[in-house]
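Student: I've got the model open, can we walk through it together?
Tutor: Gladly, ask away as you look.
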Amino acid sequence: MIKITLPDGSVREFPEGVTGLDVAKSISEGLARNVIAAKVDDEVWDATRPIKKDSRIKLLTWDDPEGKSTFWHSSAHLMAEALESLYPGVKFGIGPAIETGFYYDVDFGDRVFSQEEFKAVEDKMLELARQKSDYVRKEVSKKDAIEYFNKKGDEYKLDLLEGLEDGTITFYTQGNFVDLCRGPHIPNTGFIKAVKLMNVAGAYWRGDEKRKQLTRIYGVTFPKQKELTEYLEVLEEAKKRDHRKLGKELELFAFSEKVGMGLPLWLPKGAALRERLENFLKRAQIKSGYSPVVTPHIGSKQLYVTSGHWDKYGADSFQSIKTPNEGEEFLLKPMNCPHHCEIYKTKPRSYKDLPLRLAEFGTVYRYEQSGELHGLTRVRGFTQDDAHIFCRPDQVKEEFMKVIDLVLYVFNALGFENYTAQISLRDPENKEKYIGKDEDWQKAEAAIIEAATEKGLKTVTETGEAAFYGPKLDFMVKDALGRQWQLGTIQVDYQLPQRFELEYIGSDNQKHRPVMIHRAPFGSLERFVAVLIEHCAGNFPLWLSPEQIAILPISEKFADYAQKVYSELEDMDIRGIIDHRDEKIGRKIRDAEVKKIPYMLIVGEKEKEENKVSVRKHGQGDIGAMTLEEFSNYFRKEIQSELNKN
RNA sequence: GCCGAUGUAGCUCAGGGGUAGAGUACUUCCUUGGUAAGGAAGGGGUCAUGGGUUCAAAUCCCAUCAUUGGCUCCA
């Protein structure tokens, strides 16, 4: 007999070789039907795998994240089985579960697999699922495994096997499909009730550009049809929030083939929004001791040779601008830091001058690969809300924490609550990818981790994601379709000050080297606006709305009064439009609602007489008549509360 | 950059080897209407661009460009 400890702490005895499923059955039949896998001493196991020693176990169902991922991983196998039966001879790469769903990388040989064939594969998967084939785990020797895949002719599995130790290799079989797999899996295919293939894409084998490109098929499955339907509805909703769609509908920005790909054009309404964001941050930065500066859009090539960027990115950038003079070369600036370093150098600095915080909304240009461009989130020309803090080494942590405060202030004012802070450290295995001394890296990494911990940020740490000159902390936010984007960033840099030979005179009257902190709370205005659009589904906070009010005269008889209201509001710094069209009020209201204008002011006979406006709030309806004075107070109060959230 | 998909009116899209369609927006006229679409008429497209096949191409084929889903990349 062995002792099994359940999550509630209770201990039960079972014969050796008991399975998670057996344990579930001993609790209730209902639970047993829903058990997908079992967590045995922190490792997820098949629910049907015998347990041989005393263990803690937790039964996993669809409601557990690990249950879902097991379910989807098994679904990937099911899809592979379907593909193998429909397209004999296909070869398989890897087929993991992902955040929602799964994919499998498949080599179809010369055949092109397209979305047209999804239906057939889905049907086959459901047919196979209905057979309720068990997922059977089998330990195999490396020799036998190699022999099996040699015979099958699957070079990808053979490649994977090379990296595996003999004695740790397992196969899983369901129906006619055998796969090299660590597991775990759901008990049988019958759990899978709803199947939807999402899309196909190319993916390099092992993520290596130089290797063969496989066809990656994405799918998602559910234990109930209803859950699939709900999931698809959520996706539909997300599409409605897509900033590319809303940006066009709300006339915020546009792209032009003639201007060039990845170069956004800000339309009047988008520009208004952007300017408000800029002013908001500028004010906050002045309060926090930043000094605004302005630098040109190009810089001599020598500037970037000094900074090290030329070496690192020169070949993959917009190429240099030549002048009529022989040998004179300039680059469109891809970042503002080198310019700011030169500002630092314009005069000798004392330790008493530090920290020096130079801020600039600097527009930069980067040659992103064409396939990388994406709406406003990935463009070739964008404006960073950049600043560089030059400080003494002993000030790094404090400055870092102040920047975190500023970023959180911005996020709060705009209602971002779902973000994670990603700490990116260097990959200790690949030190040649980075410049600078080990000692500096260690100091910088420690400072970031400490600052983030002290501020109580929710963090994830990624090794190998650091910039080439230093570690960083990025604030990550998801877009409407669940794609993750980097917004604010804070980076510690010991390298540039060295390359530019920046110095300050310490209290000891000796020369010292300052540390530089790069930071951008928005990241880029472009990406920030994109994420903001999706975050609020185009219903911007009142203070940011490009058009805060729409004045809707009942008929053209009230055009004069409407104009008077408009001018008075303008004096109160409330902006908007008058709808002078020859349309009925119902129509004007509808159009203003569709344009997501926060307030509609309806003016007619009644209002003119009483010198009032009838106020209608977007998404809510009529909130009654007010004098302009009353409306203005109401309006200001709302803006106040928006900006003072927390 | 790579693999797949897409490109028809300002916008959303239907159609499809025999010379172009809807809704909406726009213009004009009628209507002066009180809280989410009043009525009528009209203008608007080298069917992304360049080649090829064909008596005939917007439609089929190829290339290019752009968009898009991913991959790789992201100072």
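Student: How many helices and strands does chain A have?
Tutor: Chain A has 20 helices and 32 strands, and bear in mind as we go that this is a predicted model.

Student: What box do the C-alpha atoms of chain A fill?
Tutor: Taken along the principal axes, the C-alpha atoms of chain A fill a box of roughly 85 × 75 × 55 Å.

Student: And how much of chain A counts as buried?
Tutor: Of the 646 residues of chain A, 37% count as buried; as for contacts with a separation of 6 or more, residues 24 or more positions apart account for 68% of them.

Student: OK, switching to the RNA. Which residues are closest to RNA strand B?
Tutor: The closest are Gly202, Ser370, Gly371, Ser555 and Gly604, out of 58 residues that surround RNA strand B.

Student: Which element gives the most to that surface near RNA strand B?
Tutor: Helix 18 does, with 7 residues. Other elements that each supply at least two residues include strand 11 (194–204), strand 12 (213–222), helix 8 (243–249) and helix 19 (605–610).

Student: How do the residues of that surface divide into nonpolar, polar and charged?
Tutor: The surface near RNA strand B divides into 19 nonpolar, 18 polar and 21 charged residues.

Student: Let's go to helix 1. Which of its residues are buried?
Tutor: In helix 1, which spans residues 20–27, the buried ones are Gly20, Leu21, Val23 and Ala24.

Student: Why are they on the same side of helix 1?
Tutor: Because these residues cover an arc of only 160° around the axis, they end up on the same side of helix 1.

Student: What do they pack against?
Tutor: The buried residues of helix 1 pack against several elements, among them strand 1 (2–5), strand 2 (11–14), helix 2 (29–34) and strand 5 (55–60).

Student: New topic, strand 21: is it mostly covered or mostly uncovered?
Tutor: Strand 21, residues 419–425, is mostly covered, with 5 of its 7 residues buried.

Student: Which strands does strand 21 pair with, and in what sense?
Tutor: With strand 23 (residues 472–478) the pairing is antiparallel, over 6 bridges, and there Ile423 stands opposite Leu473. With strand 22 (residues 459–463) the pairing is parallel, over 5 bridges, and there Leu425 stands opposite Thr463.

Student: What unit do strand 21, helix 14 and strand 22 make?
Tutor: Together with helix 14 (residues 438–454), strand 21 and strand 22 make a β-α-β unit, and that unit is right-handed.

Terms used
Residues are numbered from 1 along each chain as its sequence is written. Chains are lettered from A and ligands numbered from 1 in the order in which they are written. This is a predicted model: local features need pLDDT of at least 70, side-chain atom pairs count only at pLDDT 80 or more; totals for chains, interfaces and linings use all residues. A residue is near a molecule or strand if its C-beta atom, placed from the backbone, lies within 6 Å of it. Helices (H or I, at least four residues) and strands (E, at least two) are DSSP runs, numbered from the N terminus. Ala, Val, Leu, Ile, Met, Phe, Trp, Tyr, Cys and Pro count as nonpolar, Asp, Glu, Lys and Arg as charged, and the others, Gly among them, as polar. A residue is buried if 20 or more other C-beta atoms lie within 10 Å of its own, exposed if 12 or fewer, and partly exposed in between; C-beta atoms are placed from the backbone. The arc is that of the directions from the helix axis to the C-beta atoms. Two residues are in contact if their C-beta atoms, placed from the backbone, lie within 7 Å. Two strands pair if DSSP finds at least two bridges between them. A crossover is right-handed if, with the strands pointing away from the viewer, the path from the first strand over the helix to the second runs clockwise.
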